[in-house]
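Let's take a walk through this structure together. Have the sequence and the 3D view open side by side as you read.

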Amino acid sequence: MESKAIQGSCLCGAVHYKITKPIIFFKYCHCSRCQKNSGTAHAANILVKTDQFQWTQGEQGVTRFELPTAKFFCTAFCNTCGSNMPWKTKNEKYYLIPAGSLDEDPEASPSANVFWKYHAPWYKDVADLPKHEEES
Ligand SMILES: [Zn+2]
Ligand SMILES: [Zn+2]
């Protein structure tokens with residue numbers, strides 16, 4: 001099946017990758033690991049199969065961290081700018097893509113909030129906040 005690649009990269013531009021659809025899932029994850037790793041209330045996680053993911057530049061500049069206590073969870077980041085980067089699940093079947101690192105619209109949106117039980121006590125639904133086009 002022909003599928004157009006969706007490009008992604010880190011903040012400094014050293015690392016580039018691409019994914020193809022179909023996306024297996026796209027979810028906001030509120031687990032404590034995603035809070036720690038993202039530094040914010042939740043992650044925006046896209047899952048694809050391993051063969052739908054490809055580094056296109058700078059793979060050697062990516063550090064992978066395997067959380068010893070986790071079954072699947074890892075992290076990966078650009079050695080230069082620290083941006084979260086995609087990581088292969090420990091069972092090597094999937095890549096977890098931090099949606100904010102995409103350079104193009106995946107033309108899909110999150111379908112659920114998962115691990116809501118652990119959500120940050122300060123979290124407020126974005127729909128409940130005023131929206132400013134730029135900083136205010
Ligand atoms: Zn970078
Ligand atoms: Zn999580």
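## Some ground rules

A residue is buried if 20 or more other C-beta atoms lie within 10 Å of its own, exposed if 12 or fewer, and partly exposed in between, with C-beta atoms placed from the backbone. Helices (H or I, at least four residues) and strands (E, at least two) are DSSP runs, numbered from the N terminus.

This is a predicted model, where local features need pLDDT of at least 70 and side-chain atom pairs count only at pLDDT 80 or more, while totals for chains, interfaces and linings use all residues. Residues are numbered from 1 along each chain as its sequence is written, and chains are lettered from A and ligands numbered from 1 in the order in which they are written.

## The big picture

The chain has one helix and ten strands. The C-alpha atoms fill a box of roughly 40 × 40 × 35 Å, taken along the principal axes.

What radius of gyration does the chain have? The answer is 15 Å, which agrees with the value near 14 Å that a compact globule of 136 residues would have. That radius is taken over C-alpha atoms, and the globule rule is 2.2 Å times the number of residues to the power 0.38. Of the 136 residues, 23% count as buried.

Next, contacts: two residues are in contact if their C-beta atoms, placed from the backbone, lie within 7 Å. Among contacts between residues at least 6 apart in sequence, 59% join residues at least 24 apart.

Two strands pair if DSSP finds at least two bridges between them. Five strands form an open sheet in the order β8-β9-β4-β3-β10, with mixed pairing. At the edges stand β8 (87–88) and β10 (113–114), each with a single partner strand, so one side of each is left without a neighbour in the sheet.

Now look at β9. Five of its five residues are buried, so β9 is largely enclosed by the rest of the structure. Both of its faces are covered: Tyr 94, Leu 96 and Pro 98 are buried on one side, and Tyr 95 and Ile 97 on the other. In a regular strand the side chains alternate between the two faces of the sheet.

What are the partners of β9? Strand β4 is joined to β9 by five bridges, and the two run antiparallel; Leu 47 has Leu 96 as its bridge partner. With β8, β9 pairs in the antiparallel sense over two bridges. There, Trp 87 stands opposite Leu 96 and Lys 88 opposite Tyr 95. β8 and β9 form a hairpin with five residues between them, and Glu 92 in the turn has a positive phi of about 65°.

## The three-stranded sheet

Another open sheet has three strands in the order β1-β2-β5, and its pairing is antiparallel. Its edge strands are β1 (6–9) and β5 (53–57), each pairing on one side only. Four bridges join β2 to β5, and Lys 18 stands opposite Gln 54 in β5.

## The nonpolar core

A nonpolar core is a set of buried Ala, Val, Leu, Ile, Met, Phe, Trp, Tyr and Cys residues joined through C-beta atoms within 7 Å. The largest one here has 17 residues, and those with the most contacts inside it are Val 15, Val 48, Cys 78, Met 85, Tyr 95 and Ile 97. The elements giving two or more residues to this core are β2 (16–19), β4 (43–49), β7 (74–78) and β9 (94–98). β9 gives the most, with four residues.

Zoom in on Val 48: leaving out residues up to four places away in sequence, Val 48 touches Ile 19, Ile 23, Ile 24, Phe 53, Tyr 94, Tyr 95 and Ile 97. In soluble globular proteins, nonpolar side chains tend to be buried together.

Is Phe 65 buried or exposed? Phe 65 lies in strand β6 (residues 62–66) and is exposed, with 12 other C-beta atoms within 10 Å. Not counting residues up to four places away in sequence, Phe 65 touches Cys 74 and Thr 75.

The backbone has some details to spot too. The peptide bond from Lys 21 to Pro 22 is cis, with omega near 10°, and Pro 22 is found in the loop between β2 and β3 (25–29). Glu 107, in the loop between β9 and β10, has a positive phi of about 50° although it is not a glycine. Phe 115 has a positive phi of about 55°, and is not a glycine either; with 17 C-beta neighbours inside 10 Å, Phe 115 counts as partly exposed.
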